[in-house]
Amino acid sequence: MSVRPAWWQLAKGAAAAILTWFICLAIFPEQLPIFGAIAALIVMQDNVDQSLTRGIERVVGVLVGVGVAIGAGALFGPQSWLFIAAIIVAMGVGWLLRMTPSAANQVAISALLMIALGGLQLHYGAERLIETAIGAAIGVLLNALIVAPVRTSSVHLAIVDLTEHSAEVLRRIADALDEPRDRPWLAEMLADARGLQDERTRVHALLREARESLRFNPRSRRYREGLADDDAQFQRLQRIVTQIIGMARALADLYDPELTEDPFVIGMAEEMRRAAHDLELLVQSEPGAEAVPEPLALTTPLTIPRPNERHWVLIGSLMEDLRRVRGRITGELD
């Protein structure tokens, strides 16, 4: 899902383009600084690391694009079809140099602008390259020095949501061991459990974005410790999620209403609810909030001395997964 950029990011992009315009106009008064303004806008990304990457891509793209335009002009002269030739050559050069798609596009756009503005001379291309470097540098500096974007708060909230959802699925598994459930209920429970996988993937992506937002970021020091804690918590949580999904799958595949009559299964359901309660204690609803001490509800590991003759496979599978969930909540397992 795309997220609308903050208003100050748009304001910084406009400020970078305007500042670049006047600086370049002072250096090269005979030409409108279109290349510089475009560079300043392009490099204003969601984080400083991306800005630096886009800035390098833009400068390299202009360098190659200017070379393509000047070369094409020298070979064919100012022909009407020179635009088409420049596009084909620019994309071919980008492919040969193994550029990223965005960098290859920069080459083609730069070549087209050179031809459209009528500048096929070497000195004109050199000036546009300097102009582009100025715009890219201004964009990167403004993005880094003025409210540099940080993407850490969404990570913590996503981990809280994943934890609470995991605890909810664990309680639903316990509900299936308390009262007989039909197949549609079990199918819904399993679908809910599988949804944890999508949430886990989303947290992975958010963590990657958060790390990128702190790279080369002057504000990173105050956020790194919190992000490291969230990362460690997620590494612990994703193993628990794996066990819960496995429990839901095993229950949906091997479920029998007679399970609810087994006294040891009733005890297992209670331990699952305790595990769900303690799982929610692992995270705080707000990043940086002080933890409120609360004792764990988990008791000593449940023991089943006599296996159920018909359902011992399912019970044994659930017991082993519950043991691992318990161990990771208490920190006994890594």
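Relative accessible area sorts residues as buried (under 20%), exposed (over 50%) or partly exposed (in between), with a 1.4 Å probe and protein chains only. By this scale R171 is partly exposed, at 29%. The model is predicted: local features need pLDDT of at least 70, side-chain atom pairs count only at pLDDT 80 or more, and totals for chains, interfaces and linings use all residues. Residues are numbered from 1 along each chain as its sequence is written, and side-chain values use heavy atoms, with hydrogens and water left out.

The whole structure holds 15 salt bridges, each a side-chain nitrogen of Lys or Arg within 4 Å of a carboxyl oxygen of Asp or Glu. R171 pairs with E280, with the closest N and O atoms 3.1 Å apart. R171 lies in helix α7 (residues 153-178) and E280 in helix α10 (residues 263-280), so the bridge ties together parts 109 residues apart in sequence. Helices are DSSP runs (H or I, at least four residues), numbered from the N terminus. E280 is also partly exposed, at 29%.

D49 and R215 meet in another salt bridge (3.0 Å, N to O). D49 sits in helix α3 (residues 48-76) and R215 in the loop between α8 and α9, 166 residues apart. D49 is buried, at 13%. R215 is partly exposed, at 37%.

R323 bridges to E320, with the closest N and O atoms 2.7 Å apart. The two are 3 residues apart in helix α11 (residues 312-330), so about one helical turn separates them. R323 is partly exposed, at 42%. E320 is partly exposed, at 30%. E127, R128 and E131 are linked in a salt-bridge network.
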